[in-house]
Amino acid sequence: MTGSSGAGQAKSITLGEVVRAALPHFAQTHRLPAHHWKVLRAIAACHTPALGGHQYRCLHCGREHFVPHSCGNRHCPSCQKLNGAQWLEQQTEHLPPIPYFHVVFTLPHDLNPLVRYNQSSLYSLLFSSATATLLQFGRNNLKATLGITAVLHTWGQNLGDHYHLHCVVTGGGLSLDGQSWVSRGPKWLFPVRALSVVFRAKFHEGLQQLFDEGQLQFPSSDPRLAKPAVFARWLGRLCRPQWVVYTKRPFAGPQAVLGYLCRYTHRVAITNSRLGALDLQKGTVTFRYKDYAQRSQIRSMTLPLREFLRRFCLHILPSRFVKIRHYGLVANRDRPIRIAQARRLLAQVSPGPESVAEPVPTLKHVEAPPLVCPHCGHPTLVLIRVVPRPRAPPACDSS
């Protein structure tokens, strides 16, 4: 495999390098929404002089060093690590010291073509169907209001369509009258088969409503779905098998939840660490993935640049779409009041053998390390000027 340097010496590569290599030919052969082109151009410009930057001078060796700006786009893996840490610090105060459960709701792959043409509406339907199912079970089985943080993922390890929702659920909740805390044992939440049946029914009902209101667009490969009778038969076949609802190992408490959220909330379709090689001569990119069909073995896949970029574009979210949402006990509206009430009620509950004796987590603000001169290695860089982003004529795209 050849590195992107072309010198035969392996080096780490970034998604920005891959996009810059693929974009010229990709733009000539693919039609995309304007929002997609905006995302791709942002990633291509990330950490390059095209966005401007900071000019530093080393007080030790006297040499200057230019640090280009980042793009800050939420689809850029180079920018999301810091954003995830900042978001995580804001969420810390909203985690009561209780067990948490991890539930994953997955859409059947037969829905993939329809989702591609109706991303915003069907992503929202996935959120509402899954979280309404959990809240309903909380009300009916526990007589309590659960707290749910839901994170949308749209990809599989090979960058194919795999639409699923990760839900972190509180192991208990406020009683419906708000006067007591109702605990849930740390071993299990609700039966997954029952969750699957209710989730499937709610998604079925929502999908039918979107069809009746004329809000669905259908893939050109199967235009007959626009006919009510054909759509009804297709939807009936889709809902016959059991849908996948998976409960993962429960979290021991807030610290474990924080560790999970830090990895998942701001993850994008592929991280820079999974990129193995960029071969400019052959026009291919190689990346690593877990083969879950073979006991999660790490394998490598090589794709033409155009196909790699096509797959990546499947996971660009609609403009302004919110992929991290909070419900019930941790819903954004009046959340501090509910969390404070939950803490007071939890303090009144005598600890049992299965309770979580874990302190409320706190995250200390970590100062950024001093900039180190790449020439002499001394942390003696001082900012001498900010280089603005160069002006350029507006670019045209094929959308």
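Student: How many bridges join strand β3 to β9?
Tutor: Residues are numbered from 1 along each chain as its sequence is written, and side-chain values use heavy atoms, leaving out hydrogens and water. Strands (E, at least two residues) and helices (H or I, at least four) are DSSP runs numbered from the N terminus, and two strands pair if DSSP finds at least two bridges between them. β3 (residues 100-106) runs antiparallel to β9, and the number of bridges joining them is three.

Student: Which strands stand at the edges of the sheet?
Tutor: The open sheet has five strands, with antiparallel pairing, in the order β9-β3-β6-β5-β13. An edge strand has a single partner, so one side of it is left without a neighbour in the sheet; that goes for β9 (245-247) and β13 (324-328).

Student: What angle does helix α5 make with β5?
Tutor: Helix α5 (residues 119-142) packs on the sheet and touches β3, β5, β6 and β13, where contact means heavy atoms within 4.5 Å. Axes are lines fitted to C-alpha atoms, for helices over the stretch in contact, and angles between N-to-C directions run from 0 to 180 degrees. For α5 against β5, you get about 145 degrees.

Student: How many residues of β5 are buried?
Tutor: Buried means under 20% relative accessible area and exposed over 50%, with partly exposed in between (1.4 Å probe, protein chains only). β5 has five bridges to β13 and seven to β6. The strand is largely enclosed by the rest of the structure, because the buried count is nine of the nine.

Student: Which residues of α10 are exposed?
Tutor: Start with the buried ones: Arg335, Arg338, Ile339, Ala342, Leu345 and Leu346. They cover an arc (taken from the directions from the helix axis to the C-beta atoms) of only 125 degrees, which puts them on the same side of α10. On the other side, the exposed ones are Pro336, Ile337, Arg344, Ala347 and Gln348.

Student: Which element has the lowest mean pLDDT?
Tutor: The protein's mean pLDDT is 86, and 87% of its residues reach 70 or more. Stretches under 50 include residues 1-10. Where pLDDT is low, the predicted coordinates should not be read in detail. Among the elements, α5 has the highest mean, 97, and the lowest, 71, belongs to helix α3.

How values were computed. Predicted model: local features only at pLDDT ≥ 70, side-chain atom pairs only at ≥ 80, totals over all residues. pLDDT = per-residue confidence, 0-100.
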